[in-house]
Amino acid sequence: MVAGAILDSSGTRILLARRARPAELAGLWELPGGKAEVGETDEEALRREVAEELGIDVGVECELRERVALSDELVLIARWAHVIAGEPAAREHQAVRWVGAEELSTMCEQGYLVPADAVWVPELVARLRPA
Ligand code: DCM
């Protein structure tokens, strides 16, 4: 699984998407992404998934420090990315929004993020420029 920490053009905000499913994660916000298919690199998988789910083309950069084991077979990683073209739209999510460092911290503290994604919050907050 690869998720994108997608920065806006000013580097002050990242993109969160609100999950529609499954029931236990519905309504929580995540870094958007998905599973790599056989023969696909994680970079290719991330570009394909955000094109399908959000209608944007992204440039993919390096991996964030933390990896999360979701199960015996599934590891969740995150890659920095930036929008090359398009406006993000919620095609498979309930909503999308851009959030700055302060708002991201608050959302995490209040339990609005998908649990696995909370591990990235310190690194995201450190990288985001003050608005
Ligand atoms: N997942 C997650 N954080 C993300 C993306 C996905 O914790 N940013 C988890 C949620 C699901 C699994 O990965 O348990 C599969 O996600 P999906 O249903 O989006 O393929």
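UniProt positions are given here in the numbering used in this tour, feature names are shortened, and annotations may be inferred rather than shown by experiment. With that in mind, select residues 1–121: the unreviewed UniProt entry places the feature "domain: Nudix hydrolase" there. The end C-alpha atoms of that span lie 18 Å apart, and the span is 19% helix and 33% strand.

Some ground rules before moving on. This is a predicted model, where local features need pLDDT of at least 70 and side-chain atom pairs count only at pLDDT 80 or more, while totals for chains, interfaces and linings use all residues. Residues are numbered from 1 along each chain as its sequence is written, and side-chain values use heavy atoms, with hydrogens and water left out.

**Whole chain.** Switch to cartoon and you'll find three helices and eight strands, as DSSP runs numbered from the N terminus (helices are H or I, at least four residues; strands are E, at least two). Walking from the N terminus, the order is β-β-β-β-α-β-β-β-β-α-α. The radius of gyration is 13 Å, close to the 14 Å that the globule rule gives for 131 residues, so the chain is as compact as a globular protein of that length. That radius is taken over C-alpha atoms, and the rule is 2.2 Å times the number of residues to the power 0.38. Along its principal axes, the C-alpha trace spans about 40 × 30 × 30 Å.

**Burial.** Of the 131 residues, 44% count as buried, meaning under 20% relative accessible area, with exposed over 50% and partly exposed in between (1.4 Å probe, protein chains only).

**Arg48.** Next, select helix α1, residues 42–54, and pick out Arg48 within it. Is this arginine buried or exposed? Arg48 counts as buried, at 19% relative accessibility. Show its contacts (heavy atoms within 4.5 Å): leaving aside neighbours within four places in sequence, Arg48 touches Lys35, Ala36, Glu37 and Glu40.

**Leu113.** Now go to the loop between α2 (101–109) and α3 (121–127), where Leu113 sits. Leu113 is buried too, with a relative accessible area of 9%.
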